[in-house]
Amino acid sequence: MSRNVIYTGLAVVLVAVIVGIYFYNLGHKNLKNKAPDVVITAPELFKTFSSDEEYANEIYLNKIVEVFGVLEAIEVNQDSTMNLVLVSTDPLGNVICTFKDTDDIKKADLEKGEDVAVKGICSGMLMDVLLNNCVLVEK
Amino acid sequence: MKKLSLLFLFIPLIITLNAQKYMTRNGYIGFYSSTPLEDIQADNHQVASILDAETGDLVFQVLMRSFQFEKKLMEEHFNENYVESEKFPKSSFDGKILNFGDLDLGKDGNYDVMVEGDLTIHGVTRSIKEKGTITISEGNIKAGSVFIVKPEDFDIEIPGVVRDKIAKEIEVTVDMKYDMM
């Protein structure tokens, strides 16, 4: 009887440790299958940030934002991540979407001036509004 | 006509003003914390920086949310518990290269520089003075530095449970490649 209790106790502790380690080591979620919190155009997103950054941070910071816009440039960063730059109507800044997984961009064969839709996590605004962990949204 | 001639008067001024500034929107800042229990590395490739090639003034801005960690949980703890990025989304440095006058931007080479200014993290501003390097090659300017930041100096509290996993001194790496504005 008491042996059974000990075994059960050990099993529970073991499971707890395994679950703990699993969650601790969890990588980043792919946004591909996640619904966006907000859907907005690139010019509108930039305008919200440039007119009232504090308010925009409250709405968009750390949210999954799906943004539509016209592609201005494709950039390759030092760490081989890639940026899709979407035009805002403001000459001072754009919306920059950074992709860790660049396979989709390479496959999509995008061109400047094309309409694109991107889903990413909003980090806020410096000169541009920045989205991270981005994925392309199928049209 | 008058307006037009006025415009021509200003064009050279605009050009020279522009030619003296260098900037990047995708510079790199990373940090590294090492303890016997765990090594933690975070990378940010979305750093904005402007270098004034006339005065040596140097400005950096980063979004705390743009730091990427290997593990999701680390990133969550970093943003929510330590640097409180909802409250303080940005960190910045505003200062200057002290010996900028010694540099010859027209000549390729590596220069050791001393940078001094105000570093703001977590809403706390501290004056810092650190060594760095400026590399000039074919008219392109790169800037780099490695220095130590102590979380406690910026009122960043690390709770007791994880204190042994996070170093008291965090190594910060800066790597910028500037474009002419």
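Reader: What pLDDT does chain A average?

Author: This is a predicted model, and pLDDT expresses the predictor's confidence in each residue. Here chain A averages a pLDDT of 90, and 96% of its residues score at least 70.

Reader: Which elements of chain A have the lowest and the highest mean pLDDT?

Author: Helix α1 (residues 2-24) of chain A has the lowest mean, 87. The highest, 96, belongs to strand β1 (residues 38-41) of chain A.

Reader: Let us turn to cavities. How many cavities of 30 Å³ or more are found in the whole structure?

Author: A cavity is a space where a probe fits but cannot get out. The search finds 1 cavity of 30 Å³ or more, and the largest cavity holds about 30 Å³ of space.

Reader: Which residues line the largest cavity?

Author: Chain A contributes A:L126, A:M127, A:D128 and A:L130, while B:R25, B:Q46, B:V47 and B:A48 come from chain B. Strand β2 (residues 39-52) of chain B provides the largest share of this lining, 3 residues. By class, the lining comprises 5 nonpolar, 1 polar and 2 charged residues.

Reader: What volume does the largest pocket have?

Author: A pocket, unlike a cavity, is an open set of points. The largest pocket has a volume of about 890 Å³. It is lined by 50 residues, of which B:F31, B:I121, B:V149, B:I170 and B:V172 are the closest to its centre. Elements of chain B that give two or more residues to this lining include β1 (21-34), α2 (72-82) and β9 (170-180).

Reader: How do the lining residues of the largest pocket divide by class?

Author: They divide into 36 nonpolar, 10 polar and 4 charged residues.

Terms used:
Residues are numbered from 1 along each chain as its sequence is written. Chains are lettered from A and ligands numbered from 1 in the order in which they are written. This is a predicted model: local features need pLDDT of at least 70, side-chain atom pairs count only at pLDDT 80 or more; totals for chains, interfaces and linings use all residues. Side-chain values use heavy atoms; hydrogens and water are left out. On a 1 Å grid over the protein atoms alone, a cavity is a set of points where a 1.4 Å probe fits but cannot get out, and a pocket is an open set with protein on both sides within 12 Å along at least five of seven lines; lining residues have an atom within 4 Å of a point. Grid points are joined across faces, edges and corners, and a volume is the space filled by probe spheres set on the points. Helices (H or I, at least four residues) and strands (E, at least two) are DSSP runs, numbered from the N terminus. Ala, Val, Leu, Ile, Met, Phe, Trp, Tyr, Cys and Pro count as nonpolar, Asp, Glu, Lys and Arg as charged, and the others, Gly among them, as polar. pLDDT is the predictor's confidence in each residue, from 0 to 100.
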